[in-house]
Amino acid sequence: MIALSLLITLALFAACKSQNAESKNAEAKPAETVMNAASLDPSPAAPPAPRVDGTAAFKLCYDFVSQGPRYVGSEGHKKAEDFIHQHLAGITVEDDAFTAKTAAGDFPMRNIIAKIPGKKDGIIVIAGHYDTNLPLKNLNFVGANDGGSNVGLMLEMAQEMKSRPNGGYSVWFLFTDGEEAMINWSAEDSVYGSKHLSRLWKQDGTAAKIKAFLLLDMIGDKDLGIFRETNSTPWLMETVQRAAARLGYARYFNGPETAIEDDHLPFKAVGIPVADLIDLNYGFNNVYHHTTEDTMDKLSPQSLEIVGNVVYETIRALNTK
């Protein structure tokens, strides 16, 4: 009888300990918004989303990339910051400037945030990095697709949005710094700007207001094929894919199903729904990525237009709630 009582007591203790551990684990993980992507499909009677001028986005990309490499700590990096600021004239812009302790030493970095106000309570972030790779600094690596393509598209979209009323969520264009590795890519040596800003946004309550974080990376390839990126929040990635299908672009958003480490992960870690729109098959077997072959002749206005239109359609869907 005593043995049976002891067994019951031990079992109850183990169950309580297990429940407490599960409770602590649940508390440690940030809450994630769970949505049904199909429920976000806009009504056929709803006004259509705006359209991107692919030629204008391509021209901005060309002008940006023509300045040369823009690795952290270089004169080209300062030129890149100035270029972005100049083309955000008339928009409220905030800089998140900080010193990053990196694998290669301490470097000044700057995230640039352009804010288009909306009437609904909430924020949609469109993000992408602008720096080039420090280890390639002696190779004249200009990053036309890798950092340049999204900058051109984001600047064109920001300029278009500032000129019309926004009845939906506020839209913030985030130009991240320090995405590239300083020596070799790892979880520690990468996405320095995103790590810094995601911590700030968690501390000041901004993270809780963000409805969606759409990351653009390597989206200008003539042979466009956006991956089905599995580190992304499933319902948000499905919302993007449904937006692409409605516009007749499904074939461009049906790339390999792969988990990718990118600027979205620090924001996902603080509970923000994220989707990484990336084409990581740049040339046969990704041969152009991080080489001097990443140049403007590999890009097309059509690809920028397709991705931009899908982003606008995704915003339209998110604004249904």
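**A friendly note on this predicted model**

1. Let's start with the overall make-up. The protein has eight helices and eight strands. Please keep in mind as you look around that this is a predicted model.

2. Next, a few totals for the whole chain. Of the 321 residues in the protein, 52% are buried. The accessible surface amounts to about 14500 Å², and carbon and sulfur atoms account for 55% of that surface. Take the contacts between residues at least 6 apart in sequence: 80% of these join residues at least 24 apart.

3. Now find the sheet. Six strands form an open sheet in the order S1-S2-S4-S3-S5-S8, and their pairing is mixed. Which strands sit at the edges? They are strand S1 (92–102) and strand S8 (274–278), each of which pairs on one side only. From one strand to the next, the twist averages 20°.

4. S5 and S8 run parallel and are joined by five bridges. If you pick out Leu 216, you will find that its bridge partner in S8 is Leu 277.

5. What packs on the sheet? Helix H8 does, touching strand S3 (120–129), strand S4 (169–176), S5 and S8. The direction of H8 makes about 175° with that of S5.

6. H8 also has a helix partner. Helix H6 (residues 234–246) packs with H8 at an angle of about 115°, and their axes are 8 Å apart. The crossing of H6 past H8 is right-handed. On the H6 side the contact includes Trp 235, Leu 236 and Val 240, while on the H8 side it includes Val 310, Glu 313 and Leu 318.

7. Let's turn to the nonpolar cores. The largest one has 67 residues, and those with the most contacts inside it are Phe 173, Phe 175, Phe 253 and Val 307. Helix H8 (residues 301–318) supplies the largest share of this core, with nine residues. There is also a second, separate core of 16 residues, with Ile 123, Ala 127, Leu 197 and Ile 210 among them.

8. Phe 175 deserves a look of its own. Beyond its neighbours within four places in sequence, Phe 175 is in contact with a list of residues that includes Ile 84, Leu 88, Arg 110, Tyr 130, Met 154 and Leu 155. Gly 128 is also one of the contacts of Phe 175.

9. Gly 128 leads us on to Asn 150, which touches Gly 128, His 129, Leu 216 and Ile 219 when residues up to four places away in sequence are not counted. Asn 150 is found in helix H4 (residues 144–162). Is Asn 150 buried or exposed? Its relative accessible area is 0%, so Asn 150 counts as buried, the cut-off being under 20%.

10. Finally, visit a loop. Ala 207 lies in the loop between helix H5 (192–204) and strand S5 (210–217). Why is Ala 207 classed as buried? Because its relative accessible area is 9%, and buried means under 20%. Leaving aside its neighbours within four places in sequence, Ala 207 has contacts with Trp 201, Lys 202, Val 270 and Ile 272. As a last exercise, compare sequence and space for Ala 207 and Ile 123: they are 84 residues apart in sequence, and their C-alpha atoms are 9.2 Å apart.

Technical notes:
Residues numbered from 1 in each chain as written. Predicted model: local features only at pLDDT ≥ 70, side-chain atom pairs only at ≥ 80, totals over all residues. Heavy atoms only, no water. Helix = DSSP H or I, 4+ residues; strand = E, 2+ residues; numbered from the N terminus. Buried < 20%, exposed > 50% of the residue type's maximum accessible area, 1.4 Å probe, protein only. Contact = heavy atoms within 4.5 Å. Core = buried A, V, L, I, M, F, W, Y, C linked by side-chain atoms within 4.5 Å. Pairing = 2+ DSSP bridges. Axes fitted to C-alpha atoms, helices over the stretch in contact; angles between N-to-C directions. Areas by Shrake-Rupley, 256 points an atom, 1.4 Å probe, with all protein chains shown as cover. Left-handed = near helix turned anticlockwise from the far one by under 90°.
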